[in-house]
Amino acid sequence: MNDQCLSIILTGDEPALKSAIVERPELQPGEVLVEILCCTICGSDLHTFEGTRSTPCPTILGHEMVGRVVNLEANAPVLDYQDQPVKIGDRITWSVAVSCKDCEYCRRGLTQKCARLFKYGHQRLTEQNYLSGGLASHCHLVKGTTIFKVPESLPDLIASPANCATATVMAAFRIAGDVQNRSVLILGAGMLGVTASAVAHAQGASSIIVTDIDDTRVKRSQKFGADHALLVKKEQSLHTEIQQLTENRGVDFVFDMTGVPEVIEDGLESTGIGGTMILVGSVYPARAIQFSAETMVRKLMRLEGIHNYIDLDLANALNFLDKYQSAYPFQQLCEQTFALDDISAAFTESAKPRSYRVAVLPR
């Protein structure tokens with residue numbers, strides 16, 4: 001067994017990335033060492049790499065990942081989400097956030113906002129845990145990590161984004177409520193948007209409208225269940241077109257995946273009486289949105305935000321991908337793969353509009 005591990009460290013200095021070879025960690029009870037099979041580059045990884053999103057450095061980016069268990073602390077059995085023993089050789093993924101289960105937020109069910117939160121791919125490296133991200137040959141899972149065995153039928157390139165993108169979408173639909181026989185508007189046709197379109201379609205939405213500024217992406221959404229794919233042009237409001245599509249009733253549910261204030265305001269204007277808007281993409285600084293509180297009151301609207309997800313959402317994400325991987329072309333969303341030593345090229349490719357996800361395969 002090779003006793004060394006390779007990682008790509010974001011230093012916060014110039015040059016930003018450097019390779020490091022470290023010794024395999026000595027595991028404490030309840031900890032797991034995983035060999036990374038696949039790590040996909042999330043939008044937040046790209047924003048951090050480009051300097052538009054801050055994170056403690058030095059760190060190892062990457063939190064959408066699938067791996068194989070290669071070591072466990074022998075005297076402390078580890079159970080997965082289904083309370084089944086985790087064994088060496090298991091192909092797994094795990095929740096991006098590890099919570100204490102005991103603080104005020106955890107007791108309120110907001111485990112993703114735990115006061116002592118540990119987040120893979122977002123942690124400053126320490127002497128105790130210097131392998132906490134997916135852009136490495138191995139990841140060191142801390143005690144309390146919620147582990148999920150990946151269905152055998154689910155390929156790495158489809159399963160990897162479940163850890164963030166798919167689980168976040170499932171969280172948004174969980175708090176939105178039942179969309180069956182209701183109209184849905186999805187703002188943004190990136191990874192989150194097309195996944196949301198597929199979820200809305202699978203859950204029986206009566207009408208699904210997807211918008212984006214990129215013509216290729218918005219057309220791609222139709223393969224994921226969208227009934228109407230609307231191209232957004234600069235300085236153009238879609239409110240009038242959406243009202244025509246809904247016969248001036250507005251839509252029942254709006255999911256914003258963009259975080260762009262003008263887009264959010266358009267979505268609020270397009271929300272019908274009793275409608276719900278879920279904000280997902282607002283995870284970076286932007287100007288305040290402007291909207292009439294009176295309109296929100298008179299239309300009985302609900303506005304809610306979702307950040308990260310809870311364990312149930314990742315379980316639902318894996319189940320959804322396993323069930324519907326052939327119904328929607330998820331395999332087309334991650335077609336470029338790179339080795340760890342070509343990580344700069346991977347980030348360059350990830351920044352291109354054509355790329356929904358780029359995968360890094362350490363082996």
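1. Start with F173. Leaving aside its neighbours within four places in sequence, F173 is in contact with V179, A196, V199, A200, Q203 and F255. Contact means heavy atoms within 4.5 Å. This is a predicted model, where local features need pLDDT of at least 70, side-chain atom pairs count only at pLDDT 80 or more, and totals for chains, interfaces and linings use all residues. Residues are numbered from 1 along each chain as its sequence is written, and side-chain values use heavy atoms, with hydrogens and water left out.

2. Now the core around that residue. F173, V184, F255, I278, L314, F320 and F330 have the most contacts inside the largest nonpolar core, which has 52 residues. Such a core is a set of buried Ala, Val, Leu, Ile, Met, Phe, Trp, Tyr and Cys residues joined through side-chain atoms within 4.5 Å. Buried means under 20% relative accessible area (1.4 Å probe, protein chains only). Helix 4 gives the largest share of this core, nine residues. Helices (H or I, at least four residues) and strands (E, at least two) are DSSP runs, numbered from the N terminus. A second, separate core of 41 residues includes I8, I9, L141 and V360.

3. Next, a helix pair. The axes of helix 4 (residues 165-176) and helix 10 (residues 311-324) come within 8 Å and cross at roughly 110 degrees. Axes are lines fitted to C-alpha atoms, for helices over the stretch in contact, and angles run from 0 to 180 degrees between N-to-C directions. The two helices are therefore roughly perpendicular to each other; that label covers 65 to 115 degrees. Helix 4 makes the contact with T166, A167, M170, A171 and R174, and helix 10 with L312, D313, L314, N316, A317, F320 and L321.

4. Six strands form an open sheet in the order 12-11-10-13-14-15, with parallel pairing. Two strands pair if DSSP finds at least two bridges between them. Strand 12 (228-231) and strand 15 are the edge strands, each pairing on one side only. Strand 11 and strand 12 pair in the parallel sense over four bridges. D212 stands opposite L231 in strand 12.

5. Last, helix 8. Which strands does helix 8 lie across? They are strand 10, strand 13, strand 14 and strand 15, and the helix runs at about 150 degrees to strand 14. The buried residues of helix 8 (residues 261-269) are P261, I264, E265, D266, G267 and L268. Among the elements they pack against are helix 7 (239-245) and helix 9 (293-298).

Methods: Buried < 20%, exposed > 50% of the residue type's maximum accessible area, 1.4 Å probe, protein only. Parallel < 35°, antiparallel > 145°, perpendicular 65-115°, else oblique.
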